[in-house]
Amino acid sequence: MSEQLEIRDLEVSIGSKKILKGVSLTVNQGEVHALMGPNGSGKTSLAYTLMGHPDYHVDAGSVTWKGENLLKLTPDKRARLRVFLAFQYPSVIPGVTVASFLRNIYNAVHHPQQPSPEEAGKMPRYTGIPLAKFRKLLADKMALLKMDPAFASRYVNEGFSGGEKKRLEMLQMAILDPQMAILDETDSGLDIDALRNVAEGINATLSPEMGVLMITHYQRMLNYVTPQFVHVLLDGRIVMSGGEELSHQLEANGYDWVRQQVGLPEGVTDQAAEPEPVGQHA
Amino acid sequence: MTVLAPSIGFGASTIEAISDANDEPAWLRDRRRTWFERAEATPWPSGQEEEWRRTSLDRLPRDVELLLDPPRVRCELDAELAGAGVVFSDLRAAVREHPDLVRRALEEGDTPAVPAPEVGPAGAAPLQPVGSGEWGPGVTEFDSHDKFWALAQAAWTGGTFLYVPADVAVDAALLARSTVERGNVAYFPLTLVLAERGARVTLLDEHRSPDGQPVWFGGIVDIRSGREAWVRYANLQRLGDATWNIGAQRVQVGPGADVTTLNAEVGSSVTKVGLDVRMTGDGGTSRLLGLLAAGEDQHIDINAFQDLSASHVTSDLLYLSALYDRARAAFYGVTKVRSHAKQTSSYQECRNLLLSSEAGAEPIPVLEIETNDILRCGHGATAGAIDPVQLFYAQTRGLPPDEAERMIVRGFFEQVVAQIESEPIKAEVLQALAARIGSADVAEDAA
Ligand SMILES: Nc1ncnc2c1ncn2[C@@H]1O[C@H](COP(=O)(O)OP(=O)(O)O)[C@@H](O)[C@H]1O
Ligand SMILES: [Mg+2]
């Protein structure tokens with residue numbers, strides 16, 4: 001049975017600031033949706049809310065996935081329901097190697113365990129996938145993403161270039177094999193070679209069992225990964241939806257064209273945008 | 001104002017009793033007396049000293065009896081190394097079996113401020129300093145633990161003696177394990193490590209005591225390295241939850257020598273350890289590593305003195321603590337670069353991860369630099385909670401909060417753990433820490 005991520009009338013704020021003002025969107029397994037919009041329009045806020053970031057407060061609306069109210073679940077439980085978020089700005093985890101991080105998260109998602117009460121807090125998670133089997137899985141996925149095996153013994157995102165960080169997000173996605181993947185600007189900060197690299201990785205990982213919500217504010221990523229649906233988020237609302245052709249219209253006409261079409265004043269949201277960090281090639 | 005000297009549960013007659021019970025030679029008996037007099041003449045820390053501001057001794061269980069008959073420290077050495085002249089044994093046994101060597105080692109370590117015993121054994125040969133005197137006594141400005149150093153020199157009843165002759169390499173880590181088996185006692189074990197010119201050695205010095213009953217544990221450690229010696233010393237403190245651990249460690253680094261000490265502080269109710277590192281030989285290197293995992297009402301206070309009195313030396317300190325519940329960690333470190341020490345390099349870094357809103361840390365690094373001719377001298381100190389962004393990131397990958405926290409704490413410690421070269425010692429340290437931080441595998445090699 002095909003599962004469905006259903007977002008309805010979602011309103012979200014941070015502190016007293018309203019960021020999402022009623023977002024509705026449905027993504028089925030096997031579909032690729034692109035969510036586009038200028039900086040500051042609320043794309044990352046939507047992604048974080050879907051994943052349960054504690055700073056984002058849901059004021060109204062609902063999100064269901066696999067028949068569950070996703071908003072009630074902690075981030076780790078959402079991950080175990082096979083929802084995945086590739087971060088726009090992935091976090092460093094000092095002192096934890098990529099290999100060990102990946103094995104821990106693989107076990108967390110695919111072999112979750114309930115420690116007995118007296119073991120709680122002390123339970124090592126050594127009982128998941130056998131080490132040799134995991135190493136094989138990791139080697140395969142790294143080969144698929146054309147990654148240097150030496151990458152596995154580095155510490156998670158420590159000293160990584162922008163491109164390396166994005167590739168590690170893709171490697172995590174490949175290892176966790178999600179059924180709903182939210183990719184937040186996986187194309188940002190990449191030069192053209194790194195972009196192609198990462199896009200090939202996404203394509204290699206995509207499967208008919210995976211629904212994808214691909215967040216971007218450039219059309220260029222969509223040259224590699226073709227969406228069936230394109231949505232435009234402006235000022236906390238989805239103001240336009242269409243097929244792949246909409247991304248080309250956006251590319252040609254810009255967001256001010258969207259604003260004119262929907263009767264919003266020009267260029268309001270870009271004022272609040274954070275500057276995009278300068279990415280480096282992996 | 002009249003200050004009453006706090007009473008301790010033993011006196012000069014107890015010191016004599018140690019010598020009687022062990023049938024000790026006259027020089028050792030005299031040496032104990034001399035040090036006991038000095039201990040009595042040395043005031044207790046008043047709490048006004050910078051090193052003692054953060055730890056009060058009010059509740060130190062002073063009035064307990066001295067542990068006269070501790071179990072021997074378990075030391076194992078293979079026959080081949082013994083044949084090469086390596087001595088590794090319980091200190092009392094070493095006094096009997098290698099009296100001259102132990103005597104030399106002990107007396108050479110006495111600072112010039114200590115009057116040498118006036119009476120020696122009749123007809124004894126003049127003492128030759130071990131290692132041709134290359135480590136020397138160094139300077140004596142580090143005085144925060146003088147009282148406790150003197151008490152331990154006078155009242156040690158157990159300890160570990162390790163001697164590695166010149167150019168002898170001990171490849172496998174040596175393990176010394178000592179356990180205090182009952183409470184309501186004071187115990188001052190002495191660990192003495194001498195690595196002669198070109199010697200190589202790794203030692204794990206593990207200490208335990210029972211939970212629940214007060215113990216005054218006053219272990220002191222004296223490490224001396226000759227020219228180009230290579231020493232790795234790990235102190236694994238797994239003392240019981242009612243033990244007061246007031247210890248001192250002195251490390252003398254000879255010319256071109258390379259010495260790393262690790263203090264893994266896991267147990268005790270209160271720990272107050274003073275580290276005295278004397279970079280007295282040109283081109284020497286020292287690393288002072290610390291891993292502190294504390295919870296409940298544990299209090300751990302480290303003060304360090306890195307004394308750079310020779311040229312082209314490197315001395316780096318890295319202390320990391322993970323603090324749970326209401327635990328407190330204090331760190332006060334002084335790096336002193338002497339005016340005549342050229343082209344030195346040193347760093348002090350103390351980082352504290354607070355895993356509860358009631359935990360607290362106070363890291364204070366101080367630099368005293370008497371010359372412009374330095375390569376590098378710096379410090380860093382931090383104290384804070386886990387970055388919520390890291391926690392969220394790990395959670396979105398399926399790790400429950402407690403598991404994510406364990407992984408992050410273990411990763412935080414990796415900066416020190418990765419520097420433990422001996423795999424068996426690394427495994428033991430991690431196993432001991434796991435009682436507090438839990439176990440998480442963070443450094444698995446993908447190969
Ligand atoms: N932690 C935060 N605190 C306050 N405002 C925030 C925070 N995160 C995002 N915002 C604001 O929310 C709005 C939407 O941001 P975001 O979701 O990051 O947009 P996008 O990903 O589309 O660029 C912006 O105005 C931004 O400044
Ligand atoms: Mg964003």
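Which residues does B:Phe413 touch, not counting residues up to four places away in sequence? In this predicted model, the list runs to B:Leu291, B:Leu292, B:Ala293, B:Leu320, B:Ser321, B:Ala322, B:Leu433 and B:Ile437. B:Phe413 also belongs to the largest nonpolar core, a set of 121 residues, where B:Phe413 and A:Leu171 are the members with the most contacts inside the core. Domain 1 (2-385) and domain 2 (395-447) of chain B both contribute residues here, so the core sits between them. Another core, this one of 50 residues, lies apart from it; B:Val73, B:Val251, B:Val273 and B:Ala359 are among its members.

Where they meet, domain 1 of chain B puts in 35 residues and domain 2 of chain B puts in 18 residues.

B:Thr396 is worth a look next. This residue is found in the loop that runs between α7 (388-395) and α8 (401-417) of chain B. Is B:Thr396 buried or exposed? With a relative accessible area of 0%, B:Thr396 counts as buried, because the cut-off for that label is under 20%. Setting aside neighbours within four places in sequence, the contacts of B:Thr396 are with A:Met51, A:Pro75, A:Ala79 and A:Phe87. There is a polar contact as well, side chain to side chain, between B:Thr396 and B:Arg397 at 3.2 Å. B:Thr34, by comparison, is 362 residues away from B:Thr396 in sequence and 64 Å away in space, C-alpha to C-alpha.

Over to ligand 1, which has 14 residues around it. The closest are A:Lys17, A:Gly40, A:Lys43, A:Thr44 and A:Ser45. Looking at secondary structure, β2 (17-28) and α1 (43-51) of chain A each provide at least two residues of the shell, and α1(A) gives the most, with three residues.

Several N or O atoms of chain A pair up with oxygen atoms of ligand 1. From A:Lys17 it is the side chain that takes part, with an N or O atom 3.0 Å from a ligand 1 oxygen. Taken on its own, ligand 1 has 560 Å² of accessible area, and the protein covers 75% of that.

Notes. Residues numbered from 1 in each chain as written. Chains lettered and ligands numbered in written order. Predicted model: local features only at pLDDT ≥ 70, side-chain atom pairs only at ≥ 80, totals over all residues. Heavy atoms only, no water. Core = buried A, V, L, I, M, F, W, Y, C linked by side-chain atoms within 4.5 Å. Buried < 20%, exposed > 50% of the residue type's maximum accessible area, 1.4 Å probe, protein only. Domains from an automatic or database assignment. Contact = heavy atoms within 4.5 Å. Near = heavy atom within 4 Å. Polar contact = N/O pair within 3.5 Å; in protein donor to acceptor, adjacent residues only side chain to side chain. Areas by Shrake-Rupley, 256 points an atom, 1.4 Å probe, with all protein chains shown as cover. Helix = DSSP H or I, 4+ residues; strand = E, 2+ residues; numbered from the N terminus.
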